Amino acid sequence: MVWLEEGVAETVMYLERRELGRVHSHRMLTNGFSMSGTNFHARRYMKLYVYLPIALHEDPKSALLISYGVGNTAKALTDTRSLEHIDVVDISPDVLEASQVVYPDPATHPLHDPRVDVHVEDGRYFLQTTERRYDLITSEPPPPRIAGVVNLYTREYYALLRDRLADGGFVTYWLPVHSLTQPATLSVIRAFCDVFEDCSLWHGDRSDLMLMGSNGAAGPVPESHLVAQWRDPVVEPELQRLGLERPEQLGALFVGGPEYLH
């Protein structure tokens with residue numbers, strides 16, 4: 001254990017795993033429940049929330065992340081040079097503070113990026129009050145069985161996300177099949193597809209899947225844009241580390257579109 005903070009809303013704990021004398025990964029627990037981590041599997045699916053829509057949007061300038069976790073998704077956003085503004089929203093100041101365990105160097109900490117505005121706020125309230133519209137909205141909230149979280153997996157909440165999308169913008173959302181019963185999985189998919197008529201399902205890692213929808217996005221994008229992340233000196237090495245050596249492998253993650261999901 002390398003961090004313990006008893007906050008107003010929860011107790012935040014970080015565990016550090018070492019192998020051969022070096023730090024291998026970190027795991028964050030809140031109230032004793034494992035929420036997020038920095039191992040290979042977690043980084044892969046959490047960063048795909050960004051890598052996939054960025055490959056499909058020709059000119060992404062703004063992004064919103066609701067629920068910060070350990071910062072995997074936030075780091076993928078700040079590594080995307082085309083983004084000019086990034087809002088990060090989390091209800092817990094303690095979760096945000098504890099992320100210094102993962103990013104001890106302020107120069108690499110995603111919350112210290114000058115393009116990032118941090119909001120300690122309930123995600124629903126933020127969506128209802130902001131006037132900004134985004135090219136990408138993504139989120140990694142806890143599984144819906146955690147107390148108070150189920151409201152982030154409802155038709156009404158997905159409608160709030162769509163209302164804050166710019167024309168052609170994308171929403172990517174976690175579908176933790178391992179933490180849901182079959183009826184609960186189907187109900188989440190139904191709620192999402194009721195809001196996004198172009199809903200699609202993508203494989204993240206193992207049983208961590210990803211739902212994606214848009215506000216009238218049209219394709220296909222030029223091949224030069226689809227492969228651009230593999231030519232970026234910052235993003236490309238991480239894509240390689242996560243097993244995405246070629247742009248074509250993004251297509252291999254596709255599970256099904258609207259007809260399949262319905």
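Which residues are separated by about one helical turn in helix α6? They are D194 and R190, because these two are four residues apart in that helix, which covers residues 182–195. The structure discussed here is a predicted model.

**Salt bridges**

D194 and R190 form a salt bridge in which the closest N and O atoms are 2.9 Å apart. An α-helix has 3.6 residues a turn, so residues three or four places apart point the same way. D194 counts as partly exposed because its relative accessibility is 34%. R190, at 51% relative accessibility, counts as exposed, since the cut-off for that class is over 50%.

The structure holds 18 salt bridges.

| Salt bridge | N to O distance |
|---|---|
| D194 and R190 | 2.9 Å |
| R17 and E19 | 2.5 Å |
| E238 and R43 | 3.1 Å |

In the pair made by R17 and E19, R17 is partly exposed, with a relative accessible area of 46%. E19 is also partly exposed, at 36% relative accessibility.

The pair made by E238 and R43 ties together parts that are 195 residues apart in sequence, because E238 lies in helix α8 (residues 235–241) and R43 in helix α1. E238 has a relative accessible area of 6% and is therefore buried, the limit for buried being under 20%. R43 and E238 also belong to a network, joined through salt bridges that share partners, together with K47 and R241.

The largest nonpolar core has 78 residues. Helix α1 (residues 40–56) gives the most to this core, with 10 residues. The residues with the most contacts inside the core are Y14, Y157, Y158, L161, Y173 and L211.

Y157, Y158 and L161 are among the buried residues of helix α5 (residues 155–163). L160 and R162 are also buried in that helix. The buried residues of α5 pack against two helices, α4 (123–129) and α6. They also pack against the strands β5 (62–66), β8 (134–139), β9 (165–176) and β11 (208–214).

Y158 can be followed residue by residue. Not counting residues up to four places away in sequence, Y158 touches L152, Y153, Y173, V188, A191, F192, V195 and F196. Y173, one of these partners, is itself listed with the residues that have the most contacts inside the core.

Y45 is found in helix α1. This residue is buried because its relative accessible area is 7%. The C-alpha atoms of Y45 and L209 are 7.7 Å apart in space, although the two residues are 164 residues apart in sequence. With residues up to four places away in sequence not counted, Y45 touches W174, G204, D205 and D208.

V235 is found in helix α8. A relative accessible area of 4% means that V235 is buried. V235 and T80 are 155 residues apart along the chain, and their C-alpha atoms are separated by 7.4 Å. Leaving aside neighbours within four places in sequence, V235 is in contact with Y51, D79 and Q229.

T38 is found in the loop between β4 (33–37) and α1. Is T38 buried or exposed? T38 counts as buried, because its relative accessibility is 10%. The side chain of T38 reaches the backbone nitrogen of H26 at 2.8 Å. Beyond its neighbours within four places in sequence, T38 is in contact with H26 and also with S25, R43, V70, N72 and V102. R43 in this set is the residue whose side chain meets that of E238 in a salt bridge.

**A nonpolar surface patch**

Which residues make the nonpolar surface patch of about 290 Å²? The patch is made by M1, L4 and L15. L15 has its place in strand β2 (residues 11–19). At 33% relative accessibility, L15 counts as partly exposed.

Technical notes:
Residues numbered from 1 in each chain as written. Predicted model: local features only at pLDDT ≥ 70, side-chain atom pairs only at ≥ 80, totals over all residues. Heavy atoms only, no water. Core = buried A, V, L, I, M, F, W, Y, C linked by side-chain atoms within 4.5 Å. Buried < 20%, exposed > 50% of the residue type's maximum accessible area, 1.4 Å probe, protein only. Contact = heavy atoms within 4.5 Å. Patch = residues over 30% accessible without salt bridge, like charges linked within 9 Å, V, L, I, M, F, W, Y side chains within 5 Å. Areas by Shrake-Rupley, 256 points an atom, 1.4 Å probe, with all protein chains shown as cover. Salt bridge = Lys/Arg side-chain N within 4 Å of Asp/Glu carboxyl O. Polar contact = N/O pair within 3.5 Å; in protein donor to acceptor, adjacent residues only side chain to side chain.
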